[in-house]
Amino acid sequence: PHATMVCILPLENDEVGGNEEQLGLAGTNEVSRANDGEQMCSELAVSDQPSTPAIGIDETAALVVFGNEAQAVSGDSIATCRVVASDENTGDVKNASLPTNLEDPNPIKGMLEFPEPAKGEHLEDLENYVDTDFVIADDVIEESTKFMDNSEEQQVVFPKIVASGNEKGMRLKPIVDKVVELSGSVCPKVIYIGTASFDRTDKFLLFTKAFSDMGCEIRRLDVSEDETTPSQDEMQELVVEFPDVIMCSGGNTLHALIRWKEVGLDLLIKEASMKGKVLCGGSAGAGCWFSSLHTDSLRPDNAKNKEHVKNDLTEEELADWDYAKISGLGFVDAMFVPHFDATGTNGIKRSEHAEMMMQRDPSTPAIGVEDNAALVIIGDEAHAVSGDGKATCHILVPDESTGDVKTAPLPT
């Protein structure tokens with residue numbers, strides 16, 4: 001397609017009406033373009049005219065448009081583009097930066113929704129759900145296998161899991177190959193569940209890219225908000241009947257688990273897994289399969305419109321959070337620790353904090369998975385896979401006599 005860098009985007013439905021070129025600078029009239037642009041949006045919102053979002057472009061950045069799709073490009077790895085939108089009722093203006101690390105353009109309509117916060121009462125007090133038990137009871141196994149004949153039941157291996165330490169792992173060939181191998185199909189059918197990333201289209205396109213490039217049929221299930229949640233019959237077909245692979249995004253695990261429980265998706269995933277479907281994902285989409293996980297769900301910018309949150313908070317506020325141990329769906333009895341070799345924005349290493357958690361509660365062993373590695377589970381067997389030839393997984397076991405936690409890497 002023909003790419004054009006533009007200052008005004010003339011869409012048929014006039015979704016974009018303005019552009020704040022050189023957003024970060026003041027003009028010769030000493031008025032900040034950014035502040036003036038927000039004021040324009042605010043005035044438009046409370047006027048009789050329909051509210052129109054604007055796209056602001058920093059100096060040394062560009063917006064590249066491909067028909068109804070676009071992507072932000074940074075010329076210096078810092079500058080970017082921003083969506084500036086206002087609330088028609090209050091006139092409040094929200095400003096959200098567009099990511100510049102996307103490999104492919106995204107639908108413009110989805111980009112314009114970046115400043116909109118996610119809905120859901122639980123998001124106001126997410127910490128109140130940390131102690132919720134999301135583990136699915138064993139009697140669901142009996143229900144899901146009740147209607148399987150003996151030959152089918154004998155052939156099914158449960159569970160089949162590929163749990164990557166980060167989202168990028170699901171695009172690395174050794175890990176992708178393992179998912180394909182376990183599916184039993186050269187070109188598996190994939191259902192993508194992006195609840196943890198609040199069903200953002202940019203995350204969907206990035207997360208499924210490796211499978212899309214293979215020509216796999218990929219469907220998408222959005223349940224982050226009530227308006228997009230299908231009926232139970234539709235979800236049954238999408239999750240249990242259609243796929244060879246169930247792929248879950250990274251993001252906010254606690255939000256995802258709450259929504260799955262609310263709409264009954266957790267039970268459908270369990271039913272599908274009992275029929276031999278491959279469960280896979282990175283970060284949040286990996287930890288959800290375990291009985292518990294080490295999570296950063298309470299991080300202030302672990303939100304749908306995290307770009308807007310980052311604009312609003314100081315560095316100190318963004319770093320003011322702590323990890324939490326939460327329940328998962330319980331397919332594997334262990335605590336999953338993603339990003340095991342990484343340090344959070346709170347300045348605390350995942351590996352060290354996980355060891356402290358185990359010292360306080362040594363009841364369950366833990367599995368730490370580094371970025372670009374994955375833990376593969378087939379029934380009651382497991383092994384580590386490195387996506388880059390270096391990353392691996394670690395077993396954390398408490399010493400009952402001393403209370404110390406012993407960590408050992410797994411061979412890949």
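The side chain of histidine 394 makes a polar contact with the side chain of glutamate 370, at 2.8 Å. A polar contact is a pair of N or O atoms within 3.5 Å; within protein, one must be able to donate a hydrogen and the other to accept it, and residues adjacent in sequence count only if both atoms are side-chain atoms. This is a predicted model: local features need pLDDT of at least 70, side-chain atom pairs count only at pLDDT 80 or more, and totals for chains, interfaces and linings use all residues. Residues are numbered from 1 along each chain as its sequence is written, and side-chain values use heavy atoms, leaving out hydrogens and water.

Histidine 394 lies in strand β20, residues 393–398. Strands (E, at least two residues) and helices (H or I, at least four) are DSSP runs, numbered from the N terminus. Histidine 394 is buried, with a relative accessible area of 12%; buried means under 20%, exposed over 50%, partly exposed in between, with a 1.4 Å probe and protein chains only.

Now the sheet. Six strands form an open, mixed sheet in the order β15-β14-β16-β17-β20-β21. Two strands pair if DSSP finds at least two bridges between them. The edge strands, β15 (324–327) and β21 (405–409), each pair on one side only. Further in, β16 (residues 332–337) and β17 (residues 366–369) run parallel, joined by three bridges. Methionine 335 stands opposite alanine 366 in β17.

Helix α9 packs on the sheet, touching β14 (290–295) and β15. Contact here means heavy atoms within 4.5 Å.

Notes. Axes fitted to C-alpha atoms, helices over the stretch in contact; angles between N-to-C directions.
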